Structures are given as structure tokens and as C-alpha cells.
Amino acid sequence: HTASLGISYQRLDFFRINGARIASQSNPSENANGILQAQFRTSRSALEAKLGARIRPGTAMYKWLQRHAGWVATNLRLTASGRSPPEDIYGHAYTREMASPGETVLARLPRSRNRRARGKVYHKGDMGFARAVWLGKSYETDEHICVLESGELVTTRTVKGLPDSRRFDRTAVAAITHMPW
């Protein structure tokens, strides 16, 4: 099947496209994998340093960090033109607010116009925000993806940061069970 595409594999470190021998490091797919792995390792080590705990493979937070690495590569990485993909498409850089994966934030709870949501009636004086762990951004709507202390996964347009002393909570991150896929 690959021969019909003009690709033939000679050794593991080289392949041929239409007769030209190319090192696998120059393969665009391998380059993308390297970018994603580097972004994942950076995010994981930063979160582990802030939490003072390891993020183990197979945990929900590990999977969310993998997803976030893809989002960062898609929206923030500089391309060969020296600009990010949003700059190439829209003419300006991505400038919306973000938190760090695993960071504790205040997430604005979505409410209907009649102030009824999640089986509860909200009053005007009630807090419109709840503590949540920030997991990433939505590819489709660019909303923040967060998990509330109750374990509910929500998307919201607005998050607020907390003081440095309360930004990272090891037990809240360990309690996350929702997988991104």
C-alpha cells in the first residue's frame, strides 16, 4: 500500500519518498510528535513542581496534560513563518486568558435567565463562581474546561485566579476522574 504512495521504508532511521532518502527526524509527523512530547514534559514537570507530587501515567490529570499539549501546539506554537497559527489565520496572536493545567481557579457557573440551574435556584446575591481545577481550553468554543470540587466537569467562558498560596491543590488534582476522551 505504501509503495503506491511512493514511500518505501529502508531502515528504521530512514525512509524514501519518490526515491529520495530522508532521515526520519525530518519527517513532519516525527517533528510533530517531538513537539507534543516536549510540551507535555514541560507542562507535567511544571505541575509536579508546583504540587510537590508526581503525575503518574494512567491518571486523569496525565491525560489532560497530553490533551493540553496538543492544544498549545495547535494555538500557540510558532510556525515556520515565525507566527502562531491564529496569527496566520486571523492576523493576530492568541491573547485570551489561560490558567496552568491543574491550577485551582474560580469558574463562573453558567446559569439560565430565570436563575435555575443544576436543580437549584440561585439568588442575585449568591456567588456566581465556584472553586475548580483548570484542565484546558475547548477546541471548538475556546471555553475553559474545569472540574468542580463536586467532581462535575464544566465549560465556562470566565475564570478568575486565586492568590499564589491557594493556586495549586494536590488533593483536588488527585481527585479528578474525568478523562478528556
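Helices (H or I, at least four residues) and strands (E, at least two) are DSSP runs, numbered from the N terminus. The model is predicted: local features need pLDDT of at least 70, side-chain atom pairs count only at pLDDT 80 or more, and totals for chains, interfaces and linings use all residues. Residues are numbered from 1 along each chain as its sequence is written, and side-chain values use heavy atoms, with hydrogens and water left out.

View 1. A pocket is an open set of points on a 1 Å grid over the protein atoms alone, where a 1.4 Å probe fits, with protein on both sides within 12 Å along at least five of seven lines; lining residues have an atom within 4 Å of a point. Grid points are joined across faces, edges and corners, and a volume is the space filled by probe spheres set on the points.

**View 2. Surroundings of T104.** T104 counts as buried because its relative accessibility is 2% (buried is under 20% relative accessible area, exposed over 50%, partly exposed in between, with a 1.4 Å probe and protein chains only). Leaving aside residues up to four places away in sequence, T104 touches R131, A132, V133, L162, R166, R167, F168 and D169 (contact: heavy atoms within 4.5 Å).

**View 3. The largest pocket.** The space in the largest pocket is about 320 Å³. Among its 16 lining residues, N75, P86, Y90, Y94 and R96 are the closest to the centre. Helix 2 (60-75) and helix 3 (85-90) each give two or more residues to the lining, with helix 3 supplying the largest share, 4 residues. The lining divides into 8 nonpolar, 5 polar and 3 charged residues.

**View 4. Salt bridges around D142.** The whole structure has 8 salt bridges (a side-chain nitrogen of Lys or Arg within 4 Å of a carboxyl oxygen of Asp or Glu). One of them joins D142 to R96, with the closest N and O atoms 2.9 Å apart. D142 lies in the loop between strand 7 and strand 8, and R96 in the loop between helix 3 and strand 4, 46 residues apart. D142 is buried, at 13% relative accessible area, whereas R96 is exposed, at 51%. D142 also meets K137 in a salt bridge (3.7 Å, N to O), and both K137 and D142 are buried. Shared partners join R96, K137 and D142 into one network of salt bridges.

**View 5. The salt bridge between E103 and R167.** The closest N and O atoms of E103 and R167 are 3.1 Å apart. The pair links distant parts of the chain, 64 residues apart: E103 is in the loop between helix 3 and strand 4, and R167 is in the loop between strand 10 (159-161) and helix 4 (170-174). E103 is buried, with a relative accessible area of 7%, and R167 is partly exposed, with 22%. R167 is also among the residues that T104 touches.

Definitions and conventions. Ala, Val, Leu, Ile, Met, Phe, Trp, Tyr, Cys and Pro count as nonpolar, Asp, Glu, Lys and Arg as charged, and the others, Gly among them, as polar.
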